[in-house]
Amino acid sequence: MKITDLFFFRRTGVILLSVVSICGVFYLNNKIKVDFLDAKIKNEKQYNYVNNVFNQKMEENAETSSISTKMKEYFQLKPTLVQTTKSQSQFDYLAREKEALSHIIFDSVEKDTSVTYTLLIIISSHVNNRNRRDRIRESWGSIFNWVTVEKYLLVFVVARTSDAKPMIEIADEARIRRDILYLDIFEDFYLLTKKVIVGLTWAKSNVKFKALLKGDDDTFVNIDNIIQFIKINDIIDGYFGNTIYKAKVRKFGRYQVSKKEFKKDIYETYCSGGGFILTNSSVYKMTKLFDLNKIFRIDDAFVGEIAYQAEIPVRGIKGFYMYNNNCKYQKDVMVSHPALIIGCNDFLLKKSLIDNGKLPRDLTLEKQSCYDEKVVCKIEINK
Ligand SMILES: *[C@@H]1O[C@H](CO)[C@@H](O)[C@H](O)[C@H]1NC(C)=O
């Protein structure tokens, strides 16, 4: 065999190999595309389906039961969401954001996209807590109650249960109220972190705002005072609230977090989850670091950890009364918790409105500093 023959065979081999591998890459590439399209179509089908049901008029009649059967069918389908590629680098945060948004079954929120809201309020609420949402809408959540000309927007983030009934009711509520984000994540104390991730990611992608208040549905919020705070503190990055410093990561009980979930022994400083403020720019920085596949179950401590990673300064400020069990009113209140009794919520609102000049003075109320007149407030009043 001549040396040139050897070259010939070698060259043919190389050409053959290249052809095979090019075809292989081409085939695989197409297959991925087809799979992805398939998932997308399935997803759209489900989405349209829920949307149809959502838009139907729902009445207490035979129709309702057929909708509930359909809902059951829907939830028995394994949800095919946008493909969850496990993200390695921080640069594919866009894919992670997309994944977070894919958990929204419907977005009923009525908003003005031409406006920059001074304050966007995102409230985590259990799907069954309609009474709490209504109380908020009618009291401190109502625009008629505050003196501000600044715009704010109130949004509730709710999730699903295995029942079809709450799903139908929430669709109805959302259709009327237009302030609900409904997620396909299960209502579960341990999954509250996911609600926060989806809520904040939604905020970033859908609303223009200066600052965001994340809260729970058992709080009272003084919107005038918060807007005042935002206007005075016109800064780029910030995370404000009632700070919790050097909290231990619990290994037992309701608040336990395993080493596997979270490596540290002490949480970074964080703000109580009942209500805290983040500036727009901080929300942007944090959503880039969110990963639904890397969470731990204490939602407020999780936010603190992400703020720490994003190098956002956390500041404890006055006005966040998170353990206000006597329902005491203080003039600088921004968030008060718990405000579960209707009377307490109304009391705080009235006192706030008198102080900002929206309601006329009321001498009996002025003497009262707590709604729940237990020991502490009585002593104070008698002073
Ligand atoms: C919010 O922050 C982002 C990132 O810093 C910026 O691009 C955007 O314009 C800001 N939006 C508002 C309303 O200030």
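Residues are numbered from 1 along each chain as its sequence is written. Because the model is predicted, local features need pLDDT of at least 70 and side-chain atom pairs count only at pLDDT 80 or more, while totals for chains, interfaces and linings use all residues.

We can start with the sheet. Helices (H or I, at least four residues) and strands (E, at least two) are DSSP runs, numbered from the N terminus. Strands of a sheet pair through backbone hydrogen bonds, either parallel or antiparallel; here, two strands pair if DSSP finds at least two bridges between them. Eight strands form an open sheet with mixed pairing, in the order S1-S4-S3-S2-S5-S10-S7-S11. Its edge strands, S1 (104-107) and S11 (314-316), each pair on one side only. From one strand to the next, the twist averages 20°. Strand S7 (residues 239-241) and strand S10 (residues 275-279) are antiparallel and share two bridges; Tyr239 has Leu278 of S10 as its bridge partner. Helix H5 (residues 165-177) packs on the sheet, where it touches S1, S3 (152-160) and S4 (180-186). The direction of H5 makes about 160° with that of S4, on a scale where angles run from 0 to 180 degrees between N-to-C directions and axes are lines fitted to C-alpha atoms, for helices over the stretch in contact.

With helix H9 (residues 299-309), the angle is about 50° and the axes lie 8 Å apart. H6 and H9 are therefore oblique to each other (under 35 degrees counts as roughly parallel, over 145 as roughly antiparallel, 65 to 115 as roughly perpendicular and the rest as oblique). Leu192, Thr193 and Val196 of H6 meet Asp299, Phe302 and Val303 of H9 in this contact (C-beta atoms, placed from the backbone, within 7 Å). The axes of helix H3 (residues 93-101) and H6 come within 9 Å and cross at roughly 110°, so H3 and H6 are roughly perpendicular to each other. On the H3 side the contact involves Glu97, Ala100 and Leu101.

What surrounds the ligand? Thr116, Lys208, Asn280, Ser281 and Tyr284 do (a residue is near if its C-beta atom, placed from the backbone, lies within 6 Å). Helix H8 (residues 280-287) gives the most to this shell, with three residues.

Technical notes
Two residues are in contact if their C-beta atoms, placed from the backbone, lie within 7 Å.
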